[in-house]
Each structure stands twice: as C-alpha cells, then as structure tokens.
Amino acid sequence: MENPTDFVHWLRSVAPYVHAFRGKTFVVAFPGELVTAGGLQVLAQDLSLLHALGIRIVVVHGSRPQVAEQLALRNVEARFHNGLRVTDIAALECAKEAAGELRLDIEAAFSQGLPNTPMAHAAIRVISGNFVTARPMGVIDGVDLQLTGIVRKIAADVIQPIMNAGGIVLLSPLGFSPTGEAFNLSMEDVAVSAAIALRAEKLIFLTETPLMHDIAGTEIRELASHQAEAVLLANFLPPDSAFYLNSAVKACNAGVSRAHVVPFETDGSVLLELFTHDGIGTMITYENLESLREATIEDVGGILKLIEPLEADGTLVKRGRELIEREIHYFSVIEHDNVIFGCAALYPFAKEKMGEMACLTVNPEVQAQGDGERILKHIETRARESGLTKLFVLTTRTSHWFLRRGFVLATVDDLPQDRRAIYNWQRKSQILIKNL
C-alpha cells in the first residue's frame with residue numbers, strides 16, 4: 001500500500017456509516033442496461049460487501065433491453081403506449097425468458113468466491129420466489145395494456161425472515177395474481193412497493209441516466225420530496241430521469257427515509273453514494289412541511305413557552321419576548337396540531353462563512369423520538385443554503401449529544417470575531433464546531 005495513513009483515515013471516516021446502516025434494509029434496484037453494460041459482477045461484489053456489514057439487502061432487477069432482444073429474436077414487434085409496454089402473450093413469454101436468464105446470471109454473480117477477489121469467503125444465498133402479487137393495469141386512454149400489470153402486494157411477512165436468516169432477496173419485474181396469471185411489471189414499481197412494504201431505510205436506483213441537473217446546469221445532489229415534486233412540475237428533466245425521480249418521491253412520501261438515484265457508470269457507484277459525504281447521485285428525503293419549518297411572528301408565544309423552563313434552570317441564556325420577536329427570522333420550529341414542541345435558531349456570520357445554532361429545544365414530553373436530530377438537520381440545510389461552511393454551538397450541558405452528531409470540541413479562538421467578542425466567560429460554555 002502506497003499510503004497506509006490515508007487508508008486508515010478513510011476506513012475510520014466510514015465507520016459512522018457502518019454503524020448507522022447495520023441492521024437496516026436497503027432496496028437496490030437496477031435496470032437491465034446495467035447487465036448489458038457489463039456491470040453485474042462488480043455490483044454483486046459491492047452488494048456482498050454491504051451484506052457483510054450487516055445491511056439487509058433486497059435486489060430488484062429490470063429487463064427492458066433483454067426483453068427487447070427476445071422480441072427481436074422472435075420477430076415480434078414491441079408496442080408501447082405513453083412509455084408503457086403493451087404486453088400480449090408473446091411479449092409476456094419474452095419477459096419470462098429474459099427474467100429467467102437474468103435471475104441465473106445474478107445468482108451466479110453472487111456465487112463467486114475465488115481467492116484474492118472481493119467475494120473471497122462470501123457465502124451468500126440469493127432467494128427469489130412468488131413474493132409479488134400483481135393485478136392488470138387495464139385500459140388506459142382506450143388502449144388495453146393486456147398483461148402489463150402493477151404491484152398489488154409485496155409478501156413482506158415472507159421476505160423478512162429470509163433477510164433475518166442472512167439471505168439476499170431477489171425480485172424480478174414479474175408478478176402473479178391469485179388466479180395464477182403472470183404480469184409484466186416495471187422495475188421501478190416493484191422497487192418502490194418493496195421499499196414501502198419492508199419499511200426500508202433506503203431505496204437505491206442504479207440508473208443508466210446521468211446525474212440530474214437543474215435548468216441552470218447545476219448538479220442536483222439533494223432534494224426534499226416537495227422540492228423534487230417542483231422539479232417534476234417544471235418538466236425540464238429528460239423523461240427517464242423524471243421517471244426515476246417520480247418513483248423516488250413516491251417512496252419517500254410513503255415512509256421510506258431516503259431514496260437515491262445514482263448513475264451506475266462510475267465503478268463502485270453504490271459504495272461512493274453511501275460512504276462519502278456528497279455521494280455521486282441525487283438523494284431525495286421526506287420532510288413534513290407542516291411540522292418542520294421556518295418560524296413566523298405568530299410562533300413567538302409558543303417558543304417562549306418552550307424555552308422558559310430551560311432559561312429558569314440556566315440551561316439556556318434568558319431571552320425576552322422583544323428579542324425573540326426581533327430575531328424570529330433566525331428560528332425554525334416543529335409543530336403538531338398548531339402546538340410548538342421544538343425550536344432552534346441559526347445566526348449567520350457571513351464573513352467567516354460560519355453559523356451559530358442556538359436555543360435548540362425539544363419539549364420533554366416528546367424527547368427521544370428523534371426530533372432534536374430533525375431540527376439539527378434542518379438547521380444544517382438552512383446553513384448550507386446560506387453559503388455557510390461551518391456550524392457551531394455553545395453549550396454547558398449537552399456537549400456529548402453534539403459530539404455524537406459530528407461536532408468537535410473547539411476553543412474561543414475558533415469562533416467568528418464578532419461572536420468571540422461577546423463570549424460569556426462566566427458561563428464557560430463549551431464550544432463545538434461541525435463542518436458542513
């Protein structure tokens with residue numbers, strides 16, 4: 001190894017991700033184009049690594065180019081309506097043929113085990129079956145899509161024990177009805193339905209499409225689901241990218257924590273997306289705008305009621321109503337049924353590109369539900385959008401909470417000049433800083 005120090009630093013830097021992902025369910029979906037491009041062997045190696053780290057994996061594959069190839073071999077014309085394949089009996093036979101070949105190829109890829117390869121000592125079992133119940137899509141715009149279907153149900157109660165036993169579950173873009181019919185499904189529909197049914201932590205689409213850009217040409221790296229919906233309404237994305245993004249939004253709005261749209265062109269794309277800060281794709285998250293938002297003047301009373309007990313016991317610096325009214329634009333709040341039960345403020349120091357998070361408070365009755373973490377992430381997002389590169393806090397009692405979330409201890413000399421000048425030496429607050 002040329003530089004052992006860099007390797008050790010990198011390995012330590014990914015440790016937080018390993019701890020966070022262990023035991024979580026990831027649904028990883030890829031189109032048939034990945035197989036055509038020769039990426040299956042490497043993907044199997046990367047997914048086997050995730051499996052070895054304790055991540056529960058469900059794999060969903062597509063088969064569009066393989067079905068097209070089978071149709072061409074049988075001299076059957078492919079028919080589409082608004083981007084949806086019209087699946088007659090001949091096309092369904094081609095879909096079955098393609099799915100069968102891909103299943104065997106995927107199982108073979110996960111069966112690798114040669115010494116001196118990433119799959120050495122791996123003993124992974126890939127389990128597939130009739131886990132997807134489907135129904136016909138029916139007639140759309142007067143066109144009968146015949147045996148093209150949509151997912152009705154995922155057998156989550158059967159899949160969970162398989163993952164608990166250490167197996168990787170493989171889902172094909174085929175589903176079956178209670179009457180014994182088979183239906184041709186879209187890979188995206190199966191993946192979204194599986195992620196929702198299994199309460200997956202992540203849904204990852206490895207795509208043939210490049211990284212998404214906005215109208216100005218800027219890379220789209222992270223979107224809240226409502227922002228992604230606005231992008232879709234603007235209608236500037238290529239159709240394939242828009243289809244993936246729409247599927248990601250659907251998953252997040254139904255409870256999946258994170259969805260990722262990642263170009264598979266880069267070697268190790270799934271690892272780079274998961275174990276580096278910025279990733280290489282687009283991440284979509286769900287944020288309930290009705291509960292986590294920037295504060296308004298009407299929220300002053302709720303904020304005061306929330307922070308007054310902590311001001312009384314000395315946890316927070318005392319703030320009066322007039323001060324909060326003047327600074328309300330710095331605050332963010334969480335509310336439920338018009339009751340404020342969490343807040344924090346972000347004070348920017350533009351010259352040093354730093355921001356101070358102050359007054360982070362969650363109602364004791366709802367603590368330990370992750371709302372403090374949600375507020376912190378919201379403040380971090382506000383800071384990044386304001387062009388800030390560092391976030392700092394001053395605390396007398398909660399330093400360990402911040403240390404567990406990526407902050408590091410600092411000194412008064414590390415503060416912005418204006419904030420350093422008003423540091424309260426009597427309180428002797430600890431200073432913690434986090435790079436954004």
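Reader: What share of the contacts between residues at least 6 apart in sequence join residues at least 24 apart?
Author: In this predicted model, the share is 70%. A contact here means heavy atoms within 4.5 Å.

Reader: Why is Y244 called buried?
Author: Buried means under 20% relative accessible area. Y244 has a relative accessible area of 2%, so Y244 is buried. Y244 sits in helix 9, which covers residues 239-253.

Reader: Which residues is Y244 in contact with, leaving aside its neighbours within four places in sequence?
Author: The residues are P31, M187, E188, F205, T207, E208, T209 and V261.

Reader: How far apart are the C-alpha atoms of Y244 and S429?
Author: They are separated by 47 Å, and the two residues are 185 residues apart along the chain.

Reader: What percentage of the residues in the chain is buried?
Author: Buried residues make up 46% of the 436 residues. The accessible surface of the chain is about 22300 Å², and 52% of that surface belongs to carbon and sulfur atoms.

Reader: How many helices and strands does the chain have?
Author: The chain has 15 helices and 23 strands.

Definitions and conventions: Residues are numbered from 1 along each chain as its sequence is written. This is a predicted model: local features need pLDDT of at least 70, side-chain atom pairs count only at pLDDT 80 or more; totals for chains, interfaces and linings use all residues. Side-chain values use heavy atoms; hydrogens and water are left out. Helices (H or I, at least four residues) and strands (E, at least two) are DSSP runs, numbered from the N terminus. Buried means under 20% relative accessible area, exposed over 50%, partly exposed in between (1.4 Å probe, protein chains only). Accessible areas come from the Shrake-Rupley method with a 1.4 Å probe; for residues, only the protein chains shown count as cover.
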